[in-house]
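Reader: Hey, can we go through this one together? I'd like to start with a charged side chain.

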Amino acid sequence: MNGYISSLPGTDFSPEGPRRLCLLGSTGSIGRSALAVVADHPEEFTVVALTGGRNVALLAEQAAAFRPSVLAVLGPDEARALAASLPSGYAPEILYGPEGFVAAATLAEVDVVLSAIVGAAGLAPTLAAVEAGKIVALANKESLVLAGDLIRRACARSGAVILPVDSEHNALFQSLAGHKGQYVDHLVLTASGGPFRTWPTEELAGVSAAQALKHPNWSMGAKISIDSATLMNKGLEVIEACHLYGLPQEKVKVLVHPQSIVHSLAAYRDGSFLAQLGQPDMRIAIAYCLCYPKRLPLNLEPLDLAALATLTFEHPRTDAFPCLALARQAQAGGQGYCVVLNAANEVAVDRFLRGQAAFADIARAVDWALDAYPGDPAPDLASILQLDQATRLQVADYLSGAS
């Protein structure tokens, strides 16, 4: 798999004893699924650190169940509330703020870091884990969207390993394993099409957040559910794939696959396609990464292909869902444009979820932000974060004026 973003452990890689985990974003959808895998296989894992944002009650429950030595939350108020919520006799170190997340991600006693913080907030701790040479199970696609080149260079320096948790990239990772990059013709990312796949374009302007959150196949967090509905999630995954596999974007194609059973495919130059199939359940990809290269038995309903009977594929409707094309435009423009794309999308999605913007305003705001960006370079983490924050303020003002 030459061209991949990092080196990989050999197939005989097997650390002594349980894998020692830090879960960044343990209270989110991915984090909760990861802890379900850990709970089912206690012999394989030791939880060293858990981090959450504002959901102190859930983090306290998780901490009481797994007893990590380190916890991290968003701020000092959450830290005090968390300390007061823990059972007597259990006194972990409680960190907070961006520095706390970075400290948790770089603990010397951690082997594997699950990066599952949603959005640009996950970049700094993810990059820190890479710089510390960790195995990073990457569910935070925004880290590569914002700083893919930085992370590739950091992996080369530190020897860190990136294992993709996104179901599509995990499928590609498995479909490419053992094959040389020069034999690959292109990659195919599959998309469910979201809840509005068949809706007439003129009806999309009036959809509600409640409708957009009803994903037809997957159980996901709010932000990624909206991204799936707009196809921005697939656009971000195109950028992520380019960084993960070292390919130009014309080698990364997208097909809508409504059944969400074929999670992605690798097309080889001899006409062969290799694909990974499975139930639409994130525990498959999570377990694969946390215990790589071992495969754990999972308590999932078996996939019955005969019962499915039909697997279909179609081209995405880029006229109705322009975010996919906007993401490709940003990737072609370079890293700064990708930072702007992501920041604008995060602000617009948040406004939509709050009822302060229309569904169509998401793509409109992203398009406006890309057009307004002068193309100044963002060569390091500080510059990326500065551009991210400046874009958020500009897009918030734009949406306030538009409404």
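Reader: Okay, so D388: is it buried or exposed?
Author: D388 has 3% relative accessibility, so it counts as buried. Keep in mind that this is a predicted model.

Reader: Got it. Which side chain does D388 meet in a salt bridge?
Author: That would be R392, with 2.8 Å from N to O.

Reader: What else does R392 form a salt bridge with?
Author: R392 also forms one with E346, where the closest N and O atoms are 2.7 Å apart. R392 is in helix α16 (residues 381-402) and E346 is in helix α14 (residues 335-353), so this pair ties together parts that are 46 residues apart in sequence. E346 is buried too.

Reader: How many salt bridges are there by this rule?
Author: The count is 14. Another one of them joins E168 and K234, at 2.8 Å from N to O. Here E168 belongs to helix α7 (residues 167-176) and K234 to helix α10 (residues 232-245), so parts 66 residues apart in sequence get tied together. Both E168 and K234 are buried. There's also a network of salt bridges linking E142, K223 and D227.

Reader: New topic: rings! How many aromatic pairs does a search of the whole structure find?
Author: It finds 10. Take Y288 and Y292: their ring centres are 5.7 Å apart and their planes are at 65°, so they make an edge-to-face pair.

Reader: What about F352 and F359?
Author: That pair is edge-to-face as well, with centres 5.7 Å apart and planes at 65°. F352 is buried at 4% relative accessibility, and F359 is buried at 7%.

Reader: Let's go to the surface. Which residues form the nonpolar patch there?
Author: L277, L303, L305, L308, L311 and F313, with about 450 Å² of accessible area together.

Reader: Where does L311 lie?
Author: In the loop between α12 (305-308) and α13 (323-333). L311 has 32% relative accessibility, so it counts as partly exposed.

Technical notes:
Residues are numbered from 1 along each chain as its sequence is written. This is a predicted model: local features need pLDDT of at least 70, side-chain atom pairs count only at pLDDT 80 or more; totals for chains, interfaces and linings use all residues. Side-chain values use heavy atoms; hydrogens and water are left out. Rings of Phe, Tyr and Trp (its six-membered ring) pair if their centres lie within 6.5 Å; planes under 30 degrees apart count as stacked, over 60 as edge-to-face and the rest as tilted. Buried means under 20% relative accessible area, exposed over 50%, partly exposed in between (1.4 Å probe, protein chains only). Patches are made of residues with over 30% relative accessible area and no salt bridge: like charges are joined within 9 Å, nonpolar side chains (Val, Leu, Ile, Met, Phe, Trp, Tyr) within 5 Å. Accessible areas come from the Shrake-Rupley method with a 1.4 Å probe; for residues, only the protein chains shown count as cover. A salt bridge is a side-chain nitrogen of Lys or Arg within 4 Å of a carboxyl oxygen of Asp or Glu. Helices (H or I, at least four residues) and strands (E, at least two) are DSSP runs, numbered from the N terminus.
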